[in-house]
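Take a look at the chain below. Then read on for a tour of its parts.

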Amino acid sequence: MKRIVSVLIMYILIIYYSECCAVEKLQVQEVYNQVEALGKWCTVLTDAYGRKINIDADIIMPNIELMPIISASVYENIGCEELIIEKNGKIEETTDKFGVRDYLFEFTDEHQISVSGAVAERIFRVAYGDEPGILSLKSNVLSGAEKKEYLTPVQLDLDAGYIQGNTLTLQRVLEIAESTARLYFSPNICFSLYDVIVYDHPRTLQSINDTTLGEEVSTFPSGYYICSIRQNIQGIPILLGANEPYHYLDLKASKKPTRPRPWSLSSKSPINTIRIISDRGYRLLFVPIKEERIIETDVPLCPVDNVIDSVSNLVCEGYIRDVYALRLGYACFYSIDETATNEFCLYPVWEVDCEYTIDPSEELTIHQSHREWYESPISEGKNYRRLIVNAQTGSLENPKDINSNSYDCPSMILW
């Protein structure tokens with residue numbers, strides 16, 4: 001029996017070693033040079049149903065020297081020594097018409113930031129408990145505003161301002177987001193921009209379904225930005241959780257992962273946005289992630305062509321209908337150490353921003369907003385998905401094939 005087990009283990013090791021050797025191993029800078037030379041991924045593919053798919057996708061990659069694999073966790077709480085709730089903070093008890101009691105929370109912190117409602121309640125609980133912290137700063141409620149411009153990282157000029165009559169640059173937006181995060185969590189937190197939507201001056205609406213914009217809102221001096229941001233660790237953006245490709249898909253639960261998940265994999269994650277109109281008028285929402293230790297200092301990556309080939313295969317099979325961008329960064333997978341339930345592994349992946357359907361024969365229709373003044377961002381479309389390509393092997397798991405190991409950290413390929 002022992003001999004059989006030994007033979008099986010040796011067979012598995014041989015297969016794994018053969019697969020690792022079959023993958024071309026490149027330094028991260030070599031892959032960066034490939035991306036720079038390629039520029040974009042532009043092609044026309046025909047899928048199994050005769051549909052022509054025109055692809056014009058950005059390829060987005062940070063300029064880094066090493067690609068580490070990291071064990072990380074979510075910051076457990078906001079540092080109470082830095083968060084001082086002033087005496088004017090209050091908790092007001094209310095009772096609804098059914099006799100159910102509720103509480104309204106409100107306070108102003110030492111930085112003169114006013115916080116109220118559910119956000120204030122969360123921070124109260126963080127300050128006096130162990131709940132993971134999401135920091136959200138209060139701002140005026142927006143009415144209606146027409147989207148003016150959608151910008152991706154390859155289109156962004158950080159030194160430029162895109163709001164008419166407002167000098168706020170995107171570099172300043174990053175500085176504000178980072179300085180706020182550092183006040184509450186860690187002096188080492190850094191962000192990069194994922195995408196930016198520029199909105200015109202807000203206008204009044206009769207109702208949320210109003211199709212006609214009214215007068216400009218006087219409390220807003222200009223238009224505003226809504227920026228998706230990503231926290232960087234070792235200069236590399238943390239793009240998504242391993243569960244995100246399967247989010248909102250009607251999949252059978254019998255084979256889904258059942259291992260207890262760290263908070264970072266409990267929903268669409270990481271959540272990072274800043275809505276900003278000025279240095280004082282902004283709302284920051286993010287999940288702060290902390291590096292625990294480096295598992296591997298530098299690992300090889302596969303050529304970018306391998307990534308493109310994997311995505312092309314799903315296009316030709318009919319599952320992917322359009323590709324907007326390929327982005328290199330981290331995905332959050334289960335920890336390699338099964339006993340470390342509060343930790344997760346940051347593993348290098350290519351995120352595929354695309355239109356995806358679980359039924360390759362289905363004809364998709366473009367989602368149109370019924371409000372003439374508002375065009376929904378790409379990411380709000382019914383079939384928009386962020387898929388994951390393993391950056392070391394170039395393999396892409398089709399979300400329909402989810403199994404009990406789909407959230408596990410992939411096997412690491414070393415030099």
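## Overview

Buried means under 20% relative accessible area, exposed means over 50%, and partly exposed lies in between, using a 1.4 Å probe and protein chains only. By that rule, 47% of the 415 residues of the chain count as buried. This is a predicted model: local features need pLDDT of at least 70, side-chain atom pairs count only at pLDDT 80 or more, and totals for chains, interfaces and linings use all residues. Residues are numbered from 1 along each chain as its sequence is written, and side-chain values use heavy atoms, with hydrogens and water left out.

The chain has five helices and 16 strands. Helices (H or I, at least four residues) and strands (E, at least two) are DSSP runs, numbered from the N terminus. A contact means heavy atoms within 4.5 Å. Take the contacts in the chain with a separation of 6 or more: residues 24 or more positions apart account for 75% of them.

## The nonpolar cores

A nonpolar core is a set of buried Ala, Val, Leu, Ile, Met, Phe, Trp, Tyr and Cys residues joined through side-chain atoms within 4.5 Å. The largest one holds 67 residues. Which of them touch the most other members? They are V311, V323 and W350. V311 is in contact with W41, I320, V323, L326, V352, V389 and L396, leaving aside neighbours within four places in sequence. Another core lies apart from this one, with 28 residues, among them I189, V198, C227 and I276.

V198 sits in strand β8. Its relative accessibility is 1%, so V198 counts as buried. V198 and Q164 are 34 residues apart along the chain, and their C-alpha atoms are separated by 9.9 Å.

## Helix α2

Helix α2 covers residues 28-38, and V28, V31, Y32 and V35 are buried in it. Seen down the axis of α2, these buried residues fall within an arc of 105°, so they line one face of the helix. The arc is that of the directions from the helix axis to the C-beta atoms. On the other side of α2, E36 and A37 are exposed.

What do the buried residues of α2 pack against? Their partners are β2 (52-60), α5 (304-317) and β15 (343-356). Just after α2 comes G39, with a positive phi of about 80°.

## Aromatic pairs

Rings of Phe, Tyr and Trp (its six-membered ring) pair if their centres lie within 6.5 Å; planes under 30 degrees apart count as stacked, over 60 as edge-to-face and the rest as tilted. A search of the whole structure finds six such pairs. In one of them, the ring centres of F333 and Y347 are 6.0 Å apart and the planes are at 85°, so the pair is edge-to-face. F333 lies in strand β14 (residues 320-334) and Y347 in strand β15, so the pair ties together parts that are 14 residues apart in sequence. F333 has 6% relative accessibility, so F333 counts as buried. Y347 is at 0%, so Y347 counts as buried.

Y334 and Y407 also form an edge-to-face pair, 5.9 Å centre to centre with 70° between the planes. This pair links distant parts of the chain: Y334 is in strand β14, and Y407 is in the segment after β16 (384-390), 73 residues apart. Both Y334 and Y407 are buried. Ring pairs link Y246, Y334 and Y407 into a cluster.

A charge sits over a ring if NZ of Lys or CZ of Arg is within 6 Å of the ring centre and within 35 degrees of the ring normal. The charged end of R230 sits over the ring of Y194, 4.0 Å from its centre. The charged end of R327 sits over the ring of Y194 too, 3.6 Å from its centre.

R327 also has a partner in D353: a polar contact of 2.9 Å joins their side chains. A polar contact is a pair of N or O atoms within 3.5 Å; within protein, one must be able to donate a hydrogen and the other to accept it, and residues adjacent in sequence count only if both atoms are side-chain atoms. D353 is in strand β15. Is D353 buried or exposed? At 3% relative accessibility, D353 counts as buried. Not counting residues up to four places away in sequence, D353 touches Y194, D322, V323, Y324, A325, R327, Y384, R385 and R386.
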